[in-house]
Amino acid sequence: MSQPAANKPRIGPNGRPVRYFEMPDTFTGKLRVWRYIIYRRIVQITILVLFFGTFHWGWTLLGAPLLSGNLSASEVAGLVPLADPFAVLQILLTEHWLNTRVLLGAIIVLGFYTLVGGRTWCAWACPVNMVTDLANWLRVKLGITNQINVKRNVRYAVLGLALLLSALTGVAAFEWVSPISILHRGLIFGMGMGWTAIVGIFLLDLLVLKHGWCGHFCPLGAFYAIPGRVAQVRISYDTPTCTHCGECVRVCPEPQVLNFKKAAQNGMVASGECTNCGRCITVCPEDTLKFDLRARIRSLPRHSTPSAIQSTEENVS
Ligand code: SF4
Ligand code: SF4
């Protein structure tokens, strides 16, 4: 965001002059700005490599396959079961019973994401995130604008529909068409025609709707937003330092979560729709935002909310 042309510097609701994000000149400075993107890619690619190495090269740990299975149900070293709780919920609605290890795997995964932030899955583990981040980076470079407007709540309707169809048809509805499973299976076991679904999502996000898939339609993101409401790892918000420059909102893939009024009241970005991607932290010129624990933030004294602080809801799609 560039400095407004007016000679007089803009003053924030905290009485301080508004400053804007500037990309550092040095390589180490740039690395600092990109650090969460780098960390996220390392985590996403490591998960894929562990599945790939186990399947193709027979990697083992303690004499058992290191990470076998797929994103719906897997096992670490033959000891720790992991399962996608949304997939498990759909299968339970089809009235097929699952073995205890799969149920335990779903509980472990749900417990983990309830701790670290439900939609942390979206930004840190989901392979589709790499496709949609690329599309968003390209659409910013090319200056492409939205062709349609869609309410972000549509994803909750897709979530409800997936559960309803699972119950009515006896088939785990989203698992049949999930681009997440298609991309993961494709990368580990071979792509087939699955690439068409991934290209479709890429083109949707690039040409039609900003953050189209993850931000508007994906039912798994909607599902993980629910435990995200009580998640422990949150973005804390230091009210007195915020000038409302808007840089965080500009880079946030879920800008509706950066509601300054609510953030000031809660001392954090409390919404379950926050993906904990960390983008906002690195562009904030005032170091207002950082990762912290909900319980610790709650224990801190609240700062009074400046009367000039308004919701950003009306400014975001
Ligand atoms: S929290 Fe957002 S609006 Fe406030 S100073 Fe930081 S980047 Fe600007
Ligand atoms: S508030 Fe920050 S961490 Fe949460 S989704 Fe937006 S940019 Fe990412």
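A polar contact is a pair of N or O atoms within 3.5 Å; within protein, one of the two must be able to donate a hydrogen and the other to accept it. By this rule, eight residue pairs are in polar contact across the interface of domain 1 and domain 2, both residues of each pair being at pLDDT 80 or more. The model is a predicted one.

The two domains are parts of the protein chain: domain 1 covers 122-226 and domain 2 covers 234-315. Their C-alpha centres lie 26 Å apart. Where they meet, 13 residues of domain 1 are in contact with twelve residues of domain 2.

The size of an interface is often given as the accessible area lost when the parts come together. Here domain 1 and domain 2 bury about 820 Å² between them. Carbon and sulfur atoms account for 41% of that area.

Charged pairs also occur at this interface. The rule finds four salt bridges between domain 1 and domain 2. Separately, Arg155 and Glu273 form a salt bridge, with 3.4 Å between the closest N and O atoms.

The side of domain 1 that touches domain 2 can be described by its helices. Helix 4 (120-124), helix 6 (154-169) and helix 10 (212-217) each supply at least two of its residues. Helix 4 gives the largest share, three residues. By residue type, this side of domain 1 has six nonpolar, three polar and four charged residues.

Terms used: Residues are numbered from 1 along each chain as its sequence is written. Chains are lettered from A and ligands numbered from 1 in the order in which they are written. This is a predicted model: local features need pLDDT of at least 70, side-chain atom pairs count only at pLDDT 80 or more; totals for chains, interfaces and linings use all residues. Side-chain values use heavy atoms; hydrogens and water are left out. Domain bounds come from an automatic or database domain assignment. Contact means heavy atoms within 4.5 Å. Buried area is the accessible area (1.4 Å probe) that two parts lose on being put together, summed over both. A salt bridge is a side-chain nitrogen of Lys or Arg within 4 Å of a carboxyl oxygen of Asp or Glu. A polar contact is a pair of N or O atoms within 3.5 Å; within protein, one must be able to donate a hydrogen and the other to accept it, and residues adjacent in sequence count only if both atoms are side-chain atoms. Helices (H or I, at least four residues) and strands (E, at least two) are DSSP runs, numbered from the N terminus. Ala, Val, Leu, Ile, Met, Phe, Trp, Tyr, Cys and Pro count as nonpolar, Asp, Glu, Lys and Arg as charged, and the others, Gly among them, as polar.
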